[in-house]
Structure formats: structure tokens, C-alpha cells
Amino acid sequence: MGLNSKATSGKLAITSVALQDHIARNLLLQNLSPCDPVKTRWCRRASNETHCRRNRGTVKQKGPQQHDGEEKDYVLDPAAPPLSLAQKLGLVPSPARKLTVDEWSRVKSRSIHEGDSKQPCVICREEFRLQTQVLLSCSHVFHRACLQAFERFSGRKCCPMCRKEQYETRVIHDGARLFKERCAIRIQACWRGYVVRKWYRHMRKTVPPKDKQLRRRFFETKFQELNDSFVQYCHTDVEAFLNDIDQSVSSSRRVFHQFESEHVSEPKEDDWQKIQEKVIQRDTRDCPICLTALCSARLETEAGRTLAQHHSNRRTVLLSCSHLFHQPCLEAFEAFCVDGRPTCPLCRSPYHKILV
């Protein structure tokens, strides 16, 4: 009887001490706020001790990790605190175990299926973009900063949507990945639009349209561009450049006129007869230089006989181009022409002349 009473009293003492330790620990955790540095430091120390006991000789990497150029998801919550004596003895139920990798995969698949990352954050109503994004164990997604602010102002840890308490958090990058994809699509669309517009402008400049009016406008524009580029290419004064062109044209004309005058053969008697017939058919009565009546013994008509009597002192000259002039008028014109052999005052062609 004495041994049994001693054993019973020892068990009661151990049980009471275990319960007191558990109650004190819970009261300490409940009285501290979620952002209290004492609780944070205590949880971190407990997590480190538990991790060192379980994985001796290994180092755990915290924070964002990259795998093959992509950021890898990681659990944000610290490890569970060590079990109290009461929990180890079975006097108090142990806390729920942490989610495994497979369970987190199912939670993330449910969140992707519901499209939470495509929607804006329900707290701040802004898109996730490149900001840190957290996934709760209830499959709801928030900004990390928004969730921390909600916990700080509400004073408890519960999901803002389903009000589930004591959830676990995991940092994911689905929103950042979707935002990068949208940015890449937009950049590609802008680049392709630029390439197409550049190709279309080049085609408009090089390929003439089929419509007649548009085709005429196209060639007018091309000619104007060529003219402008030609004018811009000339570094000298435009007026001086045009004067040089006029001088070149006049000198070329003189050379051609001189060449034609040297190679023009003198008409024969039959040719002069044909030329006189053309003059009679044309019925030329006035000199083109002095605009007075002509007088001719050979080409005298009934209408012009009376005029020939008044102008018998001014003889008429017939040119090989079939034009008639007063002899003094033509001699004055020839004296006025100083550049080589003169040409006909009307048709500007070299000639031979006879008195009529």
C-alpha cells in the first residue's frame, strides 16, 4: 500500500507540473501579439532547436530560392514549437501537424483551378504583379504585406475570406509569372505591330497601287521626292544652278543650229517653185517684222497689186522655210543676231533666201 501511494503521488506531481507548464506556455503565447518581438524570437529559437535536433549536420536555406532561373516556392511559417510535457504524456492533445509537400501541391492546384492568382488581391484590390504573394492552407491568395497588415490590425490570425484560424502560409510566384507572361505578350505585340507598320510603309513607298488616281498620286509623290532630293543634293545656289543650265541649253542649241546650217543644202529651181506655191496658198500679205504690207513682182495677186505700187522701193525676200520678209527688215534682223548664222525669225530654222 505504501509503494502504490508513493507511485500515485509521484504521477500526480508529474501530471500537475506538466499541466502547469502547458498552461503557462499557452498563456504566454496568447498574451503576446503576433508581431511581438519576444514571441517572434522565442518561436525562432524553438524552431532552430527543433531543426538542429532533427537534421544535425545540415543547413536549411530560408527565403526565396531559385531553381533553373525560376524562383521556387517555400513555406513562410516557422517550424512548430516543441511539444510540452503534457502533450508528450498525452494529457493535452498535440497540435495539428504541418502540411506535407503533396498536400501543399493539392492546395496550390485548387488555387490555380479557382484562378485566384489571376484576380486582384481581395484586401487591397490590386493585381499581384511582382510583389510577394502568399498562399494559405485554405487555398486563398493574398499579398504578403496585405496579410501581415490584416493580422496586425485584427489582432488574430485568421483567413480574411473563410475565417479559418491557425493557417499555414507558403510564398508562391504564380502572380509574378502571369504578370511576366502578359508583359512578354504585350512587348511581342508592340514589336510585331512595329514590324508590320514598317513593312507596310515600305510597301506604300515602293509598290504603286492599282487604282488610277492613287497610282497617279503615287508617281507625283515619287517625282516630288526625287526633285526635292536633287535640289538638296546641290550645294550651290539654286538660281545660279538654273542659270548654268540655261547657258548650257543655249550653247547646245547654237551648236545644233550651226551644225544644221552647215549641212542644209540650197534648194533648186523646182524647190523654189514649190515654196512659192506654199506662200501663195498661205496668202501672206504683211511682213512679220514690221507688220506692213509686202510687195513682190512674182507673188503679186489682184488684191495686192495696188499695195505693191505704193511699196515698190521695199523688195521682198523669200526664205527656204516659205516665210516672206521685207529685205531691209531681214537685214536688220541678221545684223542684230550676233551668235553665228541667223535663223528664221518665225520658225528658228536655218535658211537660204532669194529676192521675189
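Modeller: Quick ground rule first: a helix is a DSSP run of H or I with at least four residues, a strand a run of E with at least two, and both are numbered from the N terminus. This is a predicted model, where local features need pLDDT of at least 70 and side-chain atom pairs 80 or more, while totals for chains, interfaces and linings use all residues. Residues count from 1 along each chain as its sequence is written, and side-chain values use heavy atoms, leaving out hydrogens and water.

Colleague: Which helix gives the most to the nonpolar patch?

Modeller: That's α8, with 4 residues. The patch covers about 470 Å² and is made by F230, V231, V238, L242, I245 and V249. α7 (212–233) and α8 (238–263) each supply at least two of its residues.

Colleague: What makes a patch?

Modeller: Residues with over 30% relative accessible area and no salt bridge, with nonpolar side chains (Val, Leu, Ile, Met, Phe, Trp, Tyr) joined within 5 Å and like charges within 9 Å. A salt bridge puts a Lys or Arg side-chain nitrogen within 4 Å of an Asp or Glu carboxyl oxygen.

Colleague: Which residues gather in the positive patch?

Modeller: R197, K198, R201, K205 and K222, with α6 giving the most, 4 residues. R201, in α6, has 43%, so R201 is partly exposed.

Key. Areas by Shrake-Rupley, 256 points an atom, 1.4 Å probe, with all protein chains shown as cover. Lys, Arg positive; Asp, Glu negative; His and termini not counted. Charge placed at Lys NZ, Arg CZ, Asp CG, Glu CD. Buried < 20%, exposed > 50% of the residue type's maximum accessible area, 1.4 Å probe, protein only.
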